[in-house]
Amino acid sequence: MAETKETIVVNGSMEQKTTVRRMQSAGTFASSCMSKPGDAPQFDPYKTLERSQSEAALLKNRHKDVTEEEGFGEIYSEQEMGAEGLDLGAHNVSECSKVYLDLSTAEAYENANEHILYPTSLFRTGSGRLLETIPQDEELQTDDVRFSLMGERSVSTESNSSASSLEERTSKSHIKSLTIKEESSRCVVSSSYSKVGKRSPDYTTKAKTNMKSTFQAFSLNIKQKIKQLQMGSIQEQIQSMREISVIIDQAWAIPSFGRDLAYGLCDILKNEKALDIIVKNCASQSSDLMKASAKLLDKVLTTGNRKRVAEIGLEIVVKMAISSKGETEMARVVTGILESLFKISEDVCAKLISLGGLDVIVYWCRCNDRSTLRHCSMAVANMALYGGKENQEEMTKHKVPEWLFPLAFNDDDGVRYYACLAISILVANKEIETVVKNSGTLEVVLPFLTSHTPSQFARMELSHQQGRSKDWLKRLVSLLSSKREEAQALAAFHFAMEAGIKMEQGKKDVFYEIGAIEPLKRLASNPNPTTSKLASEALKTIGEELPHKLSQQVPIWTVEDVVFWVNRTGYEEFAECFSKCKVDGDLLLTLNEDDLACSVGMKCKITQKRFQRDVKDLKIKADYTSCDPTGLSDWLQEIASEYRQYTYCLVKNDIDRNFLMLMTDQDLKDCGIVNSIHRKKICQKISGPNYIHLIEAEVLM
């Protein structure tokens, strides 16, 4: 049949330029896909099909009616959303985190200002590949698998053709087209989005139904590519792996159920023995085959697949990672693979460290590529979370806390977050706490958390939008009970972030199954404002009732506050005695051993020591503004945070900052400071020239 072509001229955008688009007729395209007369059409991944803008205009009204009937509300174009003033650069977030495609191989992007037709688009540096971005305050509809596969022609952002032809695009021929050759295609997410608030039950049910149908179509396609991988030549294997990679990327890009969809597809690779072939190819003498295999392996390391790789190919993978040192092209891939492998078990972490996997991560911490650095910070966080105490000690021997310092100051929020998470996990280990504190990285954690909100951060960071696995979160629960404020705060921040994600996915029960609710309630009632706020946000999102909130101003606590604190701290058997004795905040801060033994009935000396240790921590963290107008607690903080415990005993004796210069060692002892070393340090600071000059200046004023 002779090939016929139709030329359609459509109006361009901002500068009124025209774009000429050519497309084959349906009959011609069908005939070009036939291998021989009578055969069923075979999809050729090297040909592309684009529906014209004129066709989009004809179907536009139909699509609008369908979406409104489904309850998705008003559809907004990208230009309309831009008019609403959405500022994608308002937060310090990597540009690659704004793109819903190429999740595991995010590259540097730049605004394509020179392409005036596409003011809202991003172009991949060096490749010219067009990727439309999704504003962070919006979401794709979960049942809207709309991936337009374009040729090397211009694409108008005003075109709604892919959205208009949804029924046709989810047919078998459309699903096959999802595997188009990566080098000669552009994957463009539909430019229409729906404003989605809280998910209704009908919406969730529809999403689950759509996931099932989408999975069936995707799985059929991926099994065809696996056959090509198993039986094809080297070039055919490379091509099949590239096409599988595109399918996995598109599965991950679907909001809400993208994680489950991608996991299901990755399980097919393992069950069909394709994963074994991919791992084996990582040791191939063919550089192209090795690189293609590594890139695909990076994207398919789900829980089951990670365990399989640990059984058959740890040595192969680490050897490939070591041999790739210095190759920037492979940096993202090998660090991404190691990031996944470090979250299996303590034994696997130990083996990876012994093989040289940790050295590879430390090596790439010195690079400037954001995606590579993000993989490095997440790999270290996974290693700290899954590795156990012995492997954490090995991390300190490899200077990991020191390398986390520059990562914690990186421009990318994702890199900074996981660097803060890693250092918070490490500092919770008492055996290496001093080494971690000396690195200086710990001081970055709380300022970072207070400058972000969990819900906004979850939307900004693409790596968080699908949430973390149940096993990963279960390991994080222990940080909620840590003695370190940084560890508590970061764990509470992450659970607040996960609460919104899991509620949207209908996986609320995860928090109960891993035992996170009670630790969150303890933190929510904590006097510390940062951890209390974050834990309360998590509980509120889950739907739990918030516990009694303790004020940080301990001196003004009521008897009920003290009894609540006694119960929560683990001294329930003495709570009634504290209530009968009417112990309030003022008395709690001044109790001694005799008071505990005679009045409260706490006879056991060990129990007394534990109780006094907890009261000491309370004194250090308390807010004394209600009784300390001259800032005596701040002055003591300058010596060390531990010295804040003496604030109340000094204030109770009418000592303020102005009177301190007259205090002697004996005076301090009379005020209740029994530690002679602490008294000497306080006297040393009092007699210091800087303090004397400061007091003189205050008197003159």
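Author: A salt bridge here is a side-chain nitrogen of Lys or Arg within 4 Å of a carboxyl oxygen of Asp or Glu. Before going on, note that this is a predicted model, where local features need pLDDT of at least 70, side-chain atom pairs count only at pLDDT 80 or more, and totals for chains, interfaces and linings use all residues. Residues are numbered from 1 along each chain as its sequence is written, and side-chain values use heavy atoms, leaving out hydrogens and water.

Searching the whole structure turns up 24 salt bridges. Take Glu243 and Lys225, whose closest N and O atoms sit 3.1 Å apart. Glu243 belongs to helix H8 (residues 234–252) and Lys225 to helix H7 (residues 201–231), so this pair ties together parts 18 residues apart in sequence. Helices are DSSP runs (H or I, at least four residues), numbered from the N terminus. Both partners are buried, meaning under 20% relative accessible area, while exposed is over 50% and partly exposed is in between (1.4 Å probe, protein chains only).

Helix H8 also holds Asp249, which links to Lys299 in helix H11 (residues 287–299), 50 residues apart.

Now for Asp260 and Lys507, which form a salt bridge at 3.2 Å, N to O. Asp260 counts as partly exposed at 31% relative accessibility, and so does Lys507 at 27%.

Technical notes:
Helices (H or I, at least four residues) and strands (E, at least two) are DSSP runs, numbered from the N terminus.
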